[in-house]
Amino acid sequence: MNHSSKPVPSALPVIVLFATVFVEGFSSLGAEIIALRRLVPHVGSSITVTAPTIGFFLLALALGYQAGGRVERDFLVRVRHNFLLAAAIIAVGLAGPVVDALFAHVRPAPLAYLIFIGAVLCPIAWLLGQTVPLLTNLLRDERVGARSGAALYWSTLGSFLGSLSLSLLVMQWLGVYAAVLACTLLLLGLVPWLGDAPETPRWRALPRIAAVAIVAVGCNIVLPQQIETAYATYRTERVAVPDMDDPRVFWINNQVASMIDDSEPPRYTRYIERLRELLVAELGFREKHILVLGAGGFTLSHLEPKNDYVYVDIDPAIRELAEREFLGEKARGRFVAADARRFVTDTDERFDAVVVDAYSALTSIPAHLVTQEFWQGTRRVLRPDGLMFANLIVDSRLATPYARNLIATIQSVYGPCAVEILFRDRPLSNVLVQCFAGPAPVEVQPYTDERNRADVDILRSR
């Protein structure tokens, strides 16, 4: 390590040094945000996914700080090499088709997750984490504290602006691929400036810059891409299903969200057909107000003019995508772009039925939509004689802790509910839970041989 009391003179203007640190912060945190978004279709977005991901990222960043602090010379050469390599890893490792291929070919999913973290996210954090301690050596200030403070300021400012601009602007309006390209191209744009001496040709690295840029465009634009928004990944494809006429599936985050075929009248997924049967045929709903939390392909209201539907989904783009890519026509019902829990907490509307069908990935309901507080919100928006339906994807024997605790949580709010398993011959099944908005649930008293009040309760129930 350089133990001199004075910083090493730099051939670069100080503004370029600070710009380099700024881009490091922007791209490193940007890579973390993109990685978390890429993981959603495959492992969901629960705290058990996001917390370890952030933890691994911070550990790699800390190791990068340590590695950068041990370098004794050729600081700009090291930064240039790190930027090129990090740009290449971001361009390829965070590309949608590459991540999809990893999780498609590596089983189980936790193993693919560890490979993704260990081979993509952590190397990016380690490489870019070296930037601040490396460039601190080149800043012209006698005090180490002033130099490191200035470098950390610009790095953290880059992280702040990167997190906001990528998540709220780039991903929202252009897609996740654009965020990948933004981070890649920002890193590549500074590489020509990172030479050791003024006489070093700035464009010596041009072939490598061009190669990484071409690979970035190829992986993120040329390769077949799913439709992406800041919230989800979408695609529509034709499938073969017995007893259905050329059905097409609307995939959201690699999960079958909706299905429709060309029959007259059309056929849908089994749980949608069962919900339509319950609402329209068995319960005789006419001119009722129905809230659907989780829009999917808008098939619950498809060709169903008898009732009024309100769809709530966190992704503002889902209605347009479903109409254009899946339905081929306008979706029936009003659409509200909002978080489901926030909507049931804030709305003044009251509904005859609430359908909860919100997923972030296969079997993964967002964590804040499984709690008592959320189910209390769904009950709050029901009219006194209203019903709540929840579409759960759990094991068909209801034997796992998740299945039992989730159903128990719902019943702790609503009281006893009807539970209908739609696919008993599969490990995972759609399970429809039907609950009534009535009096608050009371504590039950099991019948025993010593205290059997069944006959009395029957009389009380008449």
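## Accessibility of Val215

A residue is called buried when its relative accessible area is under 20%, exposed when that area is over 50%, and partly exposed in between. The model discussed here is predicted. Val215 lies in helix H9, which covers residues 206-222. Because its relative accessibility is 36%, Val215 counts as partly exposed.

Val215 and Gly175 are 40 residues apart along the chain, and 18 Å separates their C-alpha atoms.

## Nonpolar cores

The largest nonpolar core comprises 63 residues. Those with the most contacts inside this core are Ile34, Phe83, Ile90, Leu94, Phe116, Ile124 and Leu187. Helix H5, spanning residues 109-129, makes the greatest contribution to the core, with 11 residues.

Leaving aside residues up to four places away in sequence, Ile34 touches Leu94, Met171, Val176, Ala179, Val180 and Cys183.

## Packing of H3 and H8

Helix H3 (residues 75-93) packs with helix H8 (residues 176-190) at an angle of about 165°, and their axes are 9 Å apart. H3 is therefore roughly antiparallel to H8, since angles over 145 degrees fall in that class. The crossing of H3 past H8 is left-handed.

On the H3 side, the contact is formed by Phe83, Leu84, Ala86, Ala87, Ile90 and Ala91; these meet Val180, Cys183, Thr184, Leu187, Leu188 and Leu190 of H8. By class, this contact has 11 nonpolar residues, one polar residue and no charged residues.

Conventions: Residues are numbered from 1 along each chain as its sequence is written. This is a predicted model: local features need pLDDT of at least 70, side-chain atom pairs count only at pLDDT 80 or more; totals for chains, interfaces and linings use all residues. Side-chain values use heavy atoms; hydrogens and water are left out. A nonpolar core is a set of buried Ala, Val, Leu, Ile, Met, Phe, Trp, Tyr and Cys residues joined through side-chain atoms within 4.5 Å. Buried means under 20% relative accessible area, exposed over 50%, partly exposed in between (1.4 Å probe, protein chains only). Helices (H or I, at least four residues) and strands (E, at least two) are DSSP runs, numbered from the N terminus. Contact means heavy atoms within 4.5 Å. Axes are lines fitted to C-alpha atoms, for helices over the stretch in contact, and angles run from 0 to 180 degrees between N-to-C directions. Angles under 35 degrees count as roughly parallel, over 145 as roughly antiparallel, 65 to 115 as roughly perpendicular and the rest as oblique. A crossing is left-handed if the near helix is turned anticlockwise from the far one by less than a right angle, and right-handed if clockwise. Ala, Val, Leu, Ile, Met, Phe, Trp, Tyr, Cys and Pro count as nonpolar, Asp, Glu, Lys and Arg as charged, and the others, Gly among them, as polar.
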